[in-house]
Protein chains: 2
Amino acid sequence: MQRDAQSAQDPAPRRRRGGGRAGNAARRGSAVIDQPPWRLPVNPDRPVEPLDADGVQAIHDGAMRILEEIGIAFLHPEAVDILRAAGCEVDGDVVRMDRALVMEMVAKCPAQWDITPRNPDRRITMGGRYILFGNVSSPPNYWDLDLGRKMPGTREQCRTLLKLTQYFDCIHFAGGYPVEPVDLHPSVRHLDVLYDKLTLTDKAMHAYSLGAERVDDVMEMVRIAGQYSDEEFESGPKMYTNINSTSPLKHDFPMLDGWMRLARRNQGLVVTPFTLAGAMAPVTMAGAVAQSLAEALSAVVLAQAIRPGACTAIGTFTSNVDMKSGAPAFGTPEYMRATQMTGQLARFYGLPMRASGVCAANVPDGQAMWETSNSLWSAVQAGANMVYHAAGWLEGGLIASPEKFVMDCEIVQQIQRYMEPALCDTTPDAIALDAIREVGHQGHFFGTQHTQERYASAFYQPFLSDWKNYEAWEAAGAVWTVERAHRVWKEIVASFEPPAMDVAVREELEAFVSRRKAEGGAPTDF
Amino acid sequence: MQRDAQSAQDPAPRRRRGGGRAGNAARRGSAVIDQPPWRLPVNPDRPVEPLDADGVQAIHDGAMRILEEIGIAFLHPEAVDILRAAGCEVDGDVVRMDRALVMEMVAKCPAQWDITPRNPDRRITMGGRYILFGNVSSPPNYWDLDLGRKMPGTREQCRTLLKLTQYFDCIHFAGGYPVEPVDLHPSVRHLDVLYDKLTLTDKAMHAYSLGAERVDDVMEMVRIAGQYSDEEFESGPKMYTNINSTSPLKHDFPMLDGWMRLARRNQGLVVTPFTLAGAMAPVTMAGAVAQSLAEALSAVVLAQAIRPGACTAIGTFTSNVDMKSGAPAFGTPEYMRATQMTGQLARFYGLPMRASGVCAANVPDGQAMWETSNSLWSAVQAGANMVYHAAGWLEGGLIASPEKFVMDCEIVQQIQRYMEPALCDTTPDAIALDAIREVGHQGHFFGTQHTQERYASAFYQPFLSDWKNYEAWEAAGAVWTVERAHRVWKEIVASFEPPAMDVAVREELEAFVSRRKAEGGAPTDF
């Protein structure tokens, strides 16, 4: 059993690294707003655990019986062969695996592992008490306040959202495409967007598991950007993929193919079933969670069969549907509990966990904020390590919005501030008996030495909240949050400076893109 | 030591009472929206505890040293006399009390107690794992979307907000005035508003501790509305007051006077210091919490000296200031942690706890929602029993808004749904292995018997969230949350039916108001 020896409870050595290139990059680009420096937040709270030990066992047993008695369809002959060889029972494309095998394979998973992007100061750690936040991924549409309507995504909009991804130090990884640039032909889209991602950001990123050529191209571009040899590239994750099962109980060919390719090259592997209770999963949340776990664990078994010790994590995307329309709902009470329950089971299996920031709202309004807050806080409460879609998501993932991105970053920054131990310091200096004695029954604390020494950094300073009183706010134009967010993102994009990249590296990436385009890119018939 | 024997973990007998008058009232008035029935929510989560045992001791020791070494100014000679007689050390109006005395008095407080309003089915329980939500209290100003601006509150606006307070079953108590009706003369304002409160709602309510006449008038009106004899009135709380200390370290005359009057008549007593870190309290959150506790506990000691076993609770209103302007900030990361720390100390002392739903935003926009969500979730995480200002608060408490009220009720309903044990049911029916087997690898769960049997009640159904997709939402007018909230409150108010009250009781209240107005009401020179 391989376990990373580094303790998540003592991230100090890692944190000090942040003063290097990443720290400089943050300072260079931070003219528009003041923001806390890049760091890997550590969640100090005990997770919220709605299940008792029997509840955990009941869901575990449910997941195991699904794997033992019903099985998972693997629509990839090679995956089936690998699982058969590992000891699974195969019936056509349905693979059944007993719990002893599952637990043996799960025990091979590292509890904590790193992804090191081209800028090593942006290295992120999956697992332990770390909680990392990523941008919105994969909406086919875009909305902003200038436009005032939904439209299919473009490369320029994608670049806008990548700039925000790079700009905000509270965003730790670049995930998938922040909006799908449908103005780029699917055969070459991955080449252009990866070029944009690698040149506009220096954060950890993702390959869609959508066909062999795409996956291999992305790995090669990430390798070039980091100037790694093949051996260096394979020494530990430099990127990752996230696959979704085709619920119920099925993994399709392209997802499995990408999963296996990344497993073979020792890259990061995240599997996130999309189990909507009442649609692709039971209407009862515990059943939906059990099914999600069965689907996820079956992919983990495959990865460990290919490479014992493969860097795997499981995600949750269990929510419920609107009882009126059947449409997916997000950030609901049921969603929160499903996320927390999945967190309990992820710890039971010793696997890093992914959750998400989500909402069903169509515009960045009040509903968008309460649904997003609910989902982000449930990720914190669940002890999630990786929070996908933490900034910019609307309409159940069908729209990406820069205003929403900026509003979400305000919440994400506040969550990261909330996790700082300094807020709950109870040393004598913090109890401040002398200051209380000095002020006594009449004065105030503004002018005390105790306050003056600590004032500048005592409290979180939001960049988007407007704390003026009504009259001052009105005199300043009575600007509502979404309009303030609009101004912020326009300024950030207007003054954006990309992170440093050697000219030679950029040219090598350009040459790769040109060559692969000349070869026709990737097939589009999958 | 008096402790209520009823277990908060087993609220079933209380819950069944909800089917009576309250249940009927809820159904009668619920034409505009579907809402879950009235109930007393039980918070099943283990509180978030940022402090370890040493941290709890450090804050406790800080609070005790403040009480022992610095003391609290009690600007009420009778209060000082009572405390001297109880064993406190008196120096002018400054009262010092040693920790043995404080803990002896705190031990007399019941850990759980009820408030029974005129409709006994609306009885609420303070303490244990109960968490109760109240309307916004005391803003001097009002804002709604028709008006589009801030204006001083009126009686009609106050009545509007009282109707919303009554309408929503997720709101358990009527708190103070939901907006200050400044069109009513201060000498008679309490008479008119209490008349409105007692006739428009049947929920537990509050007397401002702002002068002897006001306090006595309110107690008398609540007694009349419930048709209690004096003896019955004093058999247990039928109402409560909430007092704020004048931080730092001071209780003023009117607040103490009301506190003592209610203590003598065995009504509910909540003390909530308003300790803004960096202004009226140390810039360090633990110091601000320690000071808040010292101020609160000193009032608890006074109450227990007057009536051993008096029904007391402590509140927290510890937040931070804007570093730029000195203005209060709300719903911040620091606010959340202060609330959680206070919750730990409230449990240490065995006292029910009050927290709040708050924001600094001036309008019901995105900022309003993330600040309010932060504060409401921190109340849940803190194990708070009473959540003031849970619906309708804006601009740091200077504005009440019906749109915000409705938006907040959506969040509060979701929080209450989140607490239902059914969401985390792990019985075999919930794991649903048979349904998963039935659907297999191809189908969906919409049509299964398992889904059909549970569909109608499986998920929370929001009344304000719009879960339509973008195109359907656009076709329906592209209505943002705040506009939807506007329509909802207008409909609720237009179709509002007040709760039942016997004509004779109403006439008795009217006669009391008329008589007291003829007598000149209350003096306004305090």
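Predicted model: local features only at pLDDT ≥ 70, side-chain atom pairs only at ≥ 80, totals over all residues.
**Entry 1: where the chains meet**

I started with the two chains. I found 98 residues of chain B in contact with 98 residues of chain A. Next I sorted chain B's side of this contact by class, and got 57 nonpolar, 26 polar and 15 charged residues.

I then turned to α17 of chain A, which covers residues 449-458. Which of its residues are buried? I listed His450(A), Thr451(A), Arg454(A) and Ala458(A). Looking down the axis of α17(A), I saw that these buried residues fall within an arc of 95°, so they line one face of the helix. On the face turned away from that buried side, I noted the exposed residues Gln449(A), Gln452(A), Glu453(A) and Ala456(A). I also looked up what covers the buried residues of α17(A), and α16 (433-439) of chain A is included there.

**Entry 2: two helices crossing**

A reminder to myself: two packed helices are described by the angle between their axes and the distance between the axes.

Which residues meet here? From α3(A) I wrote down Val56(A), Ile59(A) and His60(A), and from α12(A) their partners Met341(A), Gln344(A), Leu345(A) and Phe348(A). Sorted by class, the residues of this contact are five nonpolar, two polar and no charged.

Technical notes: Residues numbered from 1 in each chain as written. Chains lettered and ligands numbered in written order. Contact = placed C-beta atoms within 7 Å. Nonpolar A, V, L, I, M, F, W, Y, C, P; charged D, E, K, R; others polar. Buried ≥ 20, exposed ≤ 12 C-beta atoms within 10 Å, placed from the backbone. Helix = DSSP H or I, 4+ residues; strand = E, 2+ residues; numbered from the N terminus. Arc of directions from axis to C-beta.
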